[in-house]
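My entries follow in the order in which I checked them.

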Amino acid sequence: MTPHPAPSRRTVAKGALLGAAAVLFGPGSGAARAADGPAALRLPAPTGPHPVGLRTFVLTDTSRNDPWEPAAVREVKISVLYPARTVRGFPRAPQLTPDEAGLFAVLASHVHPGLPEAGVDWGAVLTHGHVDAPPLPGRRPVLVHTPGGGDSRTLGTTLAEDLASHGRIVVLVDHPGDASQVELPSGMRVTVLRGDPDPATFRTMIDTRVADLRLLLDRLPGLPLASVMDLRRIGVYGHSAGGTAAVHALASDDRIAAGVNLEGYLDLDPELVAGLDRPLLMFRTDGFEHADRLERSWAGLPARRVLLTGANHWIFSDYAHLVPQLQAAGLVTADTRAALVGAGDPAAATARVRHGLRSFFDRHLPVARHRRAPQ
C-alpha cells in the first residue's frame, strides 16, 4: 500500500465527498447503483446474554503531528461497545454514517479489489449496538481492537459485539489516513494507501497505530464510560496490520495484560516480539497467500496457534458475513469470495474465532458473572 497525497481533511463539504474520492481513485469509481435496487446486507447477532450499547468519541493528541498530514495534530476515533442495562428506546447504530457509506461505495473496490462498484447500500447495514444505551453496572475488562490495514474500525463490529454481549467493554479504534475513511469533527479523512505497503509505509503504519493505542490507554480513565471499566484488566486484539500493532503494544506497554494476533506479521521488530512475556493467541488461515512469511515471523514465539481451514485473510473482519451475501446477490464472484474470506462456511469460522477469543480472554481477563440484562 503505497502512500499518495490524500484529500485535505478540510475538503469535506457533503457534495464534494464523492467527487474527491473519484479524483483520488480515478475514473469509473462512482458507478450508479444496480437497476434492481441495492443489496440488503446484515450482520450476525451477538451470542451473549447482554444487549449491547455503543458510544463514539474522538481523541486529539496535541503532542503529535499526524504522519499522513504533518501539518495537523493527530486525531483518533473510537467506538466503545459495552453490556447495556436496557436498550429500549435507544436506536441501533448504522455500521457507517451516511457520508462514510457514500464514500465507501466509491472506495470499496479499490480498498479490496473485487468488491462491487455499485449495487450496495452500505449505509443500510445496521449493527446490534444501541446508541447511548445505559451501561450495565459493574467494572469489566477492556479489550481494544485495531483493524486490518486500510479498514475502518467498524469492520470489526461483529466480533466486538459478541465480546461485549458476553460482558466485556470493547473499544474499536480507527487510524485516520490508514483507514479507508474516517469522519472526524475536522472533516472526512480518506486512506492514503494503495496496494501492499512498502517497508517504510508499513513501519509508519505500525508506529502510528501503537502510538494511537497508547493515546487511548492514556485517555480511558477520562472517558464517560470509565466507571464501568476495569483498567487493571486490559487486553488487545488486532487483524493483519492491526495484529502486528496489537503484539507490539502488548510487548511494549505494561498496561496490557494479554493479546490476540489475527494473522499479522511479526517480523518488523523481532527483538521486541521475542521478549514478549505475556499471554498471546494467534490465528491464521489456510488460504493466506503470504503464509510462509507469516510462519517465519511467528517462529519460536510461546503462543497458542489456531488454523482456520477453508478461510482467507479477511475472515477475521465483517467481510466474513458481507462478502458471501454479496456473492449470493450476484455482486461478487466465487473467486473474489475465496480471495477475501475463503470458500468455506463463514458461520463456522466466525463461531470458532468468537469462541477462541472469549475462551482466551476468559482465562486471562475473566468477567464476573451477572444475571441477564432486560431487553
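**Cavities**

I searched the whole structure and found six cavities of 30 Å³ or more. I note that this is a predicted model.

I took the largest cavity first. I read a volume of about 90 Å³ for the largest cavity. I listed its lining as Leu 155, Gly 156, Thr 158, Leu 159, Ile 315, Phe 316, Ser 317, Asp 318, His 321, Thr 350, Val 353 and Arg 354. By class I counted five nonpolar, five polar and two charged residues in the lining of the largest cavity.

I then asked which helices supply at least two residues each of this lining. They are helix H3 (157-165) and helix H10 (346-364). I noted that H10 gives the most to the lining of the largest cavity, with three residues.

I went on to the second largest cavity, where about 60 Å³ of space lies. I found the second largest cavity lined by Gln 95, Leu 96, Phe 104, Trp 122, Ser 152, Thr 154, Leu 155, Ser 180, Gln 181 and Leu 322. The lining of the second largest cavity has five nonpolar, five polar and no charged residues. I marked Leu 155, which lines the largest cavity and also lines the second largest cavity.

**H3 and H10**

The axes of H3 and H10 come within 10 Å and cross at roughly 45°. I recorded a right-handed crossing of H3 past H10.

For the contact, I found Thr 158, Leu 159, Asp 162 and Leu 163 in H3 meeting Val 353, Arg 354, Leu 357 and Arg 358 in H10. The residues of this contact divide into four nonpolar, one polar and three charged. I checked these names against the cavity: Thr 158, Leu 159, Val 353 and Arg 354 are among the residues that line the largest cavity.

**H4 and H5**

Helix H4 (residues 199-219) and helix H5 (residues 241-252) pack at an angle of about 55°, and I read their axes as 9 Å apart. H4 and H5 are therefore oblique to each other. H4 passes H5 in a right-handed crossing.

On the H4 side of the contact I listed Phe 202, Met 205, Ile 206, Arg 209, Val 210, Leu 213 and Arg 214. On the H5 side I listed Ala 241, Gly 242, Thr 244, Ala 245, His 248, Ala 249 and Ser 252. I sorted the residues of the contact of H4 with H5 into eight nonpolar, four polar and two charged.

Conventions
Residues numbered from 1 in each chain as written. Predicted model: local features only at pLDDT ≥ 70, side-chain atom pairs only at ≥ 80, totals over all residues. Heavy atoms only, no water. Axes fitted to C-alpha atoms, helices over the stretch in contact; angles between N-to-C directions. Helix = DSSP H or I, 4+ residues; strand = E, 2+ residues; numbered from the N terminus. Parallel < 35°, antiparallel > 145°, perpendicular 65-115°, else oblique. Left-handed = near helix turned anticlockwise from the far one by under 90°. Contact = heavy atoms within 4.5 Å. Nonpolar A, V, L, I, M, F, W, Y, C, P; charged D, E, K, R; others polar. 1 Å grid on protein atoms, 1.4 Å probe; cavity = no way out; pocket = protein on both sides within 12 Å on 5 of 7 lines; lining within 4 Å. Points joined across faces, edges and corners; volume = space filled by probe spheres on them.
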